[in-house]
Amino acid sequence: QTNRFTATPPNKAWLSYELSNLSYRSARKYNRCRLFLGYCETPLNIEIYGRDSLLMKDQINLAAPLNVFGFQISNTPDNIVFKFESEQSPSFYALSLDQINGVSVDNIPWRGSSGAQFSRIDQQLLSYFFKQINVRLIIFQFGVNIVPNVAKGYKWYEELLVRQLQHLRKAAGNTPIIVIGVSDMSRKKDTWYESYPNIPAIRDAQRNAAFRTGCAFWDLYEAMGGKNSMPSWVFAQPSLARKDFVHFNLRGGRIVAHMFYQALMHNYK
């Protein structure tokens, strides 16, 4: 998603962010801010405020396809506001609020998606982003939205994933990519729940696509217990998955994350 401010004078816009008490504590502190902006023929004036106090004022030229405006602050404000003014609007691609040290995780939450949109992103621009934010690992996880549409075969899905992974591979260079396979997903039959019969075929298509494009693959379906395993997660005490028999809850997500981490570190070289 790309944003621009109005072309009607006086060509001003602003962005405002506040800290959330719902976030992880480690995500509530940042000391490095970066704006990712597109090309613009005219200079962009920027003013940055932290709880009504002016933190920075600058004018920048945006001559490249991707321009990064970054600065550091000593203490995290509970509110930060960016004010802009220019005769023309650049494309506003992203804002990152990170810490200088440690690992930052960026999530692309395409809800309801099969993961087929990556090839629609300009490859050169994507490559610029990967280099600027120093991407060291890409984790690709989609699949449950394919499951309800039961088909005889999933070669078409394999080819679709190959195109997406090839696109990411070309943009990311030697950055490793790990594909996480589809999880178990149940539908009701009589008084009980059973796995969709096409899940192994979807998992196999994902694994084939991963190996064909030089990516690693982690089999979440088998890791969580395989066929008909989702009900045991839903009915666990306390529950580890939601009653839609599709999604893990927070407790279950932490267990899956721990299993993935253990598998990753076991094979890390």
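A residue is called buried when its relative accessible area is under 20%, exposed when it is over 50%, and partly exposed in between, with a 1.4 Å probe and protein chains only. By this criterion, 42% of the 269 residues in the protein chain are buried. The model is predicted, so that local features need pLDDT of at least 70 and side-chain atom pairs count only at pLDDT 80 or more, while totals for chains, interfaces and linings use all residues. Residues are numbered from 1 along each chain as its sequence is written, and side-chain values use heavy atoms, with hydrogens and water left out.

The protein chain contains six helices and 12 strands; these are DSSP runs numbered from the N terminus, helices being H or I with at least four residues and strands E with at least two. Its C-alpha atoms fill a box of roughly 65 × 40 × 40 Å along the principal axes. Contact denotes heavy atoms within 4.5 Å. Of the contacts between residues at least 6 apart in sequence, 72% join residues at least 24 apart.

Strands S8, S9 and S12, in that order, form an open sheet with parallel pairing; two strands pair if DSSP finds at least two bridges between them. Strands S8 (138-141) and S12 (216-218) lie at the edges, each pairing on one side only. On average, neighbouring strands of this sheet are turned by 25 degrees against each other, direction ignored. Axes here are lines fitted to C-alpha atoms, for helices over the stretch in contact, and angles run from 0 to 180 degrees between N-to-C directions. Three bridges link S9 (residues 177-180) to S12 in the parallel sense, and Val 179 stands opposite Phe 217 in S12. Helix H3 (residues 199-212) packs on the sheet and touches S9 and S12, its direction making about 155 degrees with that of S12. Helix H6 (residues 250-266) lies across S8, S9 and S12 and runs at about 140 degrees to S12.

Helix H2 (residues 155-172) packs against H3 at an angle of about 35 degrees, with the axes 8 Å apart. Residues of H2 in this contact include Tyr 157, Leu 161 and Leu 165, and those of H3 include Ile 202, Ala 205 and Ala 209.

A nonpolar core is a set of buried Ala, Val, Leu, Ile, Met, Phe, Trp, Tyr and Cys residues joined through side-chain atoms within 4.5 Å. The largest such core has 32 residues, and Phe 130, Phe 140 and Tyr 157 have the most contacts inside it. Helix H1 (123-132), S8, H2, S9 and H3 each supply at least two of its residues; the largest share, eight residues, comes from H2. Not counting residues up to four places away in sequence, Phe 130 touches Val 135, Ile 138, Leu 168, Ala 171 and Ala 172. A second, separate core of 19 residues includes Leu 35, Phe 71, Ile 80 and Phe 92.

Strands S3 (residues 44-50) and S4 (residues 53-60) run antiparallel and are joined by seven bridges. Glu 47 stands opposite Lys 57 in S4. The hairpin of S3 and S4 has two residues between the strands, and Arg 51 takes a positive phi near 50 degrees there.

Ser 183 is found in the loop between S9 and strand S10 (186-189). This serine is buried, with a relative accessible area of 5%. Beyond its neighbours within four places in sequence, Ser 183 is in contact with Val 144, Ile 199, Leu 220, Tyr 221, Met 224, Val 246 and Phe 248.
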